[in-house]
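Work through the following exercises with the sequence and the coordinates open beside you. Each task is followed by a solution that goes step by step.

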Amino acid sequence: MWKWLHPYANPEVSYHFTNKLLPWLSALAAIFLSIGLVWALLFAPADYQQGHSFRIFYVHVPAASLSMGIYFAMAIAAFSSLVWQLKLADASAAAMAPVGAAFTAIALITGAAWGKPMWGTWWIWDARLTSELILLFLYLGVIALHNAFEDKNLAGKAAGILTLVGVINIPIIKYSVDWWNTLHQGSTVSKLGKPSMSLDMLWPFIICFIGFSLLVAVIICLRFRNEILARNSIRPWVRELVQKHNS
Amino acid sequence: MNPRRKKRLAIVGSVLIGISAVAGLVLYALSQNIDLFFTPSEITQGKKETGLKPSLGQRIRIGGLVVPGSVKRDPESLKVSFKLSDMTMPIVFKDSDITITVYYDGILPDLFREGQGIVANGRLAEHPPTGLSIEASEVLAKHDENYMPAELAEAAGKKHEKATYTDKQLESKKSSGY
């Protein structure tokens, strides 16, 4: 069943695959993000209570859900690296961690900027905000562990264990607003049944969300490529690449 | 799968299950403390599962909906009082609802209005005419998950006006030393 994946365990094959993937992903990301953001920030109707402040939603919600999504992807990579000892899975986890940390920070900062005028406070220690802050610390811990060891295999193992321990935080973030009473509101888009938003507000959100997801894919691809090169710098195929580039 | 991988899979799997079980139990044990606020009925009758009830003079947070028609603002100062009732879906206000009165001296957040969800932080006290009440030092607006363009909201009979303040009201706050 998984036979078709086996060639990609080879760093050289994976490197050339990301090369082919990148132009497409970048073009699509640019198209979706430019349409989505212009539509969302300029043309979508303002909310009846919040006015234009609500537009921060179009950055905050994609950033927050991607911060969880990237963590989950990183956990899957860590799991397969621990069980099957795939070196490339470690490289991909190391590539994802800083991107996830950046998106978590964006979610926290945009949330605070919205919270001040709307709620009346920058920060409150409710379940949703606190668990998202813990996610940021988990990312920072994973990044630190990836850089703490000279030996990349050892580093990947240590970071992978922390990643897997921390994965329990993901459902807590997601369901915190349902399990406990919080100041943070419940889900608008990702709930069963009808989203609590009119369609002319929802469409730009969907396009923005796809755009941000593609942007994440592009950044992770770029970082993954670098990780592969850095970890295989003594291999002949990398040396050939460098020679070709220099000549 | 070869035996070594199978063994690693078993170790990683059982560690994951163990961690989830521990986290689940801890969160279950802490669930009352993770709640950000008490609802008005929890203040009068105690929490549903544990019967935990805040005592007079305790600093607590209260969360509820502002009862329409209950907002009283002092024309001379920033003092305001309003009643909160439990947040229930769908939103209906009845005379039989348990309410708690909140007294506050300060500027209300932009989203404050009748029917809006509010979280107030303050001291639980007993005021003779209204019974249990909160002397709030902070009032936060709890936004719901609904977003609506202005035209649609008007058609549905909803509108939102920010609370406005006169210079005199704002002056009173400064002179009272805040």
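This is a predicted model: local features need pLDDT of at least 70, side-chain atom pairs count only at pLDDT 80 or more; totals for chains, interfaces and linings use all residues.

Residues are numbered from 1 along each chain as its sequence is written, and chains are lettered from A and ligands numbered from 1 in the order in which they are written.

**Exercise 1. Describe the secondary structure and the extent of each chain.**

Step 1. Helices (H or I, at least four residues) and strands (E, at least two) are taken as DSSP runs, numbered from the N terminus. With this assignment chain A has eight helices and zero strands, whereas chain B has four helices and six strands, which from the N terminus on run α-α-β-β-β-β-β-β-α-α.

Step 2. Along the principal axes, the C-alpha trace of chain A spans about 60 × 35 × 35 Å, and the C-alpha atoms of chain B fill a box of roughly 80 × 45 × 40 Å.

Step 3. The radius of gyration is taken over C-alpha atoms, with a globule rule of 2.2 Å times the number of residues to the power 0.38. For chain B the value is 23 Å, whereas a compact globule of 178 residues would have one near 16 Å.

**Exercise 2. Determine how α7(A) is oriented against α1(A) and against α2(A).**

Step 1. Axes are lines fitted to C-alpha atoms, for helices over the stretch in contact, and angles run from 0 to 180 degrees between N-to-C directions. The axes of α1(A) (residues 11-43) and α7(A) (residues 199-231) come within 7 Å and cross at roughly 150 degrees, while those of α2(A) (residues 57-84) and α7(A) come within 9 Å and cross at roughly 45 degrees.

Step 2. Angles under 35 degrees count as roughly parallel, over 145 as roughly antiparallel, 65 to 115 as roughly perpendicular and the rest as oblique. Therefore α1(A) and α7(A) are roughly antiparallel, and α2(A) and α7(A) are oblique to each other.

Step 3. A crossing is left-handed if the near helix is turned anticlockwise from the far one by less than a right angle, and right-handed if clockwise. α1(A) passes α7(A) in a left-handed crossing, but α2(A) passes α7(A) in a right-handed one.

**Exercise 3. Characterise α3(A) and its packing against α4(A).**

Step 1. The expected span of a helix is 1.5 Å times one less than its number of residues. α3(A) (residues 87-118) has 32 residues and reaches 47 Å from its first C-alpha to its last, close to the expected 46 Å. A:G120, whose phi is positive, near 105 degrees, follows α3(A).

Step 2. α3(A) and α4(A) (residues 127-148) pack at an angle of about 155 degrees with their axes 9 Å apart, and they are therefore roughly antiparallel to each other. The crossing of α3(A) past α4(A) is left-handed.

**Exercise 4. Which elements of chain B give two or more residues to the side that touches chain A?**

Step 1. Two residues are in contact if their C-beta atoms, placed from the backbone, lie within 7 Å. The contact takes 35 residues from chain B and 33 residues from chain A.

Step 2. The elements are α1 (3-34), β6 (131-142) and α3 (150-155) of chain B, and α1(B) gives the most, with ten residues.
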